Amino acid sequence: MPRMNRGKTKRLSIRLSETAQKRIKNAAENLSVSRASMIMYALGEQFDKGITQEQLLTLQNKIVLEEQHLAISVPKHLSEKIEQYTTDFDFKKNIFVGLLVSGYFEALSPENQVIQKKESDEDQIEGVDAENEKKKRKNQNLTLLIHPLLKEKVNELAEEKFFTKSFIVARAIEHGRFKGIPDLPGAERELLSYTLPEDTYKEAVKQADLLGVSLHFYIESCVYNLFENGKKLLELE
């Protein structure tokens, strides 16, 4: 899948637990993103919470990492954090990242263990996502690949409150992403057309870049967050 230009990156080989590998693969396929995106997303979540040496030692005693390595490209800001933590805690980078990411995915509750995506859906999803990311950033007319349940909720809210779908998506982005992996079982995605103010669009692109995930995944996460935290809908009045 073509990616947005995320600036300088650094190649990193990591080791993961068997359970984490399976859940990363399933989550990536279900949410239509790369495995690297899911790894960086989980890593960013861990960094937001803060890392302690005690936490790492606990993970080291609990997590069994596989011998094979997975190579990913890490954005500069994440690479610098990894470098600092591994220096402070005297850990190898592949072990440090592997423990954090494996611990994150092994701790997922059963309802967040997503279903694998069908291969037949992949070409359609990648094609539309690539087309969106080729558009100039000043272009505010977008097409979002979104889970049918979320699309239905957006349509229902738009009809009930006489909001435009564009307004709902824009407000969702303003509220921010869901802190975790959206519970959206099934790989099916449908198209939702909308328009964003240029500053809102640029902010979404910026946040997606910082997380190392695709734009459509970030926006879908924001829409999911809006409906998951129902009280926020009252702020749309």
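How many aromatic pairs does the count come to by the ring rule? The rule is that rings of Phe, Tyr and Trp (its six-membered ring) pair if their centres lie within 6.5 Å, with planes under 30 degrees apart counting as stacked, over 60 as edge-to-face and the rest as tilted. By this rule the count comes to seven aromatic pairs.

Take Tyr41 and Phe217: their ring centres are 5.4 Å apart and the planes stand at 75°, so this pair is edge-to-face. Tyr41 sits in helix α2 (residues 35–49) and Phe217 in helix α10 (residues 215–228), so the pair ties together parts that are 176 residues apart in sequence. Tyr41 counts as buried, at 1% relative accessibility. Phe217 is also buried, with a relative accessible area of 1%. Tyr104 and Phe105 have ring centres 5.2 Å apart and planes at 75°, so that pair is edge-to-face. Both Tyr104 and Phe105 are buried. Phe47, Tyr85, Phe89 and Phe96 are linked by ring pairs into a cluster.

Some ground rules before I go on. This is a predicted model, in which local features need pLDDT of at least 70 and side-chain atom pairs count only at pLDDT 80 or more, while totals for chains, interfaces and linings use all residues. Residues are numbered from 1 along each chain as its sequence is written, and side-chain values use heavy atoms, with hydrogens and water left out. Buried means under 20% relative accessible area, exposed means over 50%, and partly exposed is in between (1.4 Å probe, protein chains only). Helices (H or I, at least four residues) and strands (E, at least two) are DSSP runs, numbered from the N terminus. Contact means heavy atoms within 4.5 Å.

Now the chain overall. The protein chain has 10 helices and four strands. Their order from the N terminus on is β-α-α-α-β-α-α-α-β-α-α-β-α-α. The chain has 237 residues, and 52% of them count as buried. Of the contacts between residues at least 6 apart in sequence, 86% join residues at least 24 apart.

Back to α2. This helix has 15 residues and spans 22 Å from its first C-alpha to its last, close to the 21 Å expected at 1.5 Å a residue; the expected span is 1.5 Å times one less than the number of residues. The helix is mostly covered, with 12 of its 15 residues buried. Among them are Met38, Tyr41, Glu45, Gln46 and Phe47. Gly50 follows α2, and its phi is positive, near 95°.

Next, the strands. Five of the six residues in β3 (residues 141–146) are buried, and the strand is mostly covered. Two strands pair if DSSP finds at least two bridges between them. Six bridges join β3 to β4 (residues 190–195), and the two run antiparallel. Which residue of β4 is the bridge partner of Ile146? The partner is Glu190.

Then helix α8, residues 165–175. The axes of α8 and α10 come within 8 Å and cross at roughly 90°. Axes here are lines fitted to C-alpha atoms, for helices over the stretch in contact, and angles run from 0 to 180 degrees between N-to-C directions. The two helices are therefore roughly perpendicular to each other, on a scale where angles under 35 degrees are roughly parallel, over 145 roughly antiparallel, 65 to 115 roughly perpendicular and the rest oblique. On the α8 side, Ile168, Val169, Ala172, Ile173 and His175 meet Ile219, Cys222, Val223, Asn225 and Leu226 of α10. The buried residues of α8 include Ser166 and Arg171. As a group, the buried residues of α8 pack against α7 (148–161), β4, α9 (198–211) and α10. Gly176 follows α8, with a positive phi near 95°.

Lys179 and Ile181 both lie in the loop between α8 and β4. Are they buried or exposed? Lys179 counts as exposed, at 61% relative accessibility, whereas Ile181 is buried at 2%. For Ile181 and Ala27, 154 residues apart along the chain, the C-alpha separation is 8.1 Å. Asp90 is in the loop between α4 (76–89) and α5 (93–106). Asp90 has a positive phi of about 55° although it is not a glycine, and this residue is exposed, with a relative accessible area of 70%.
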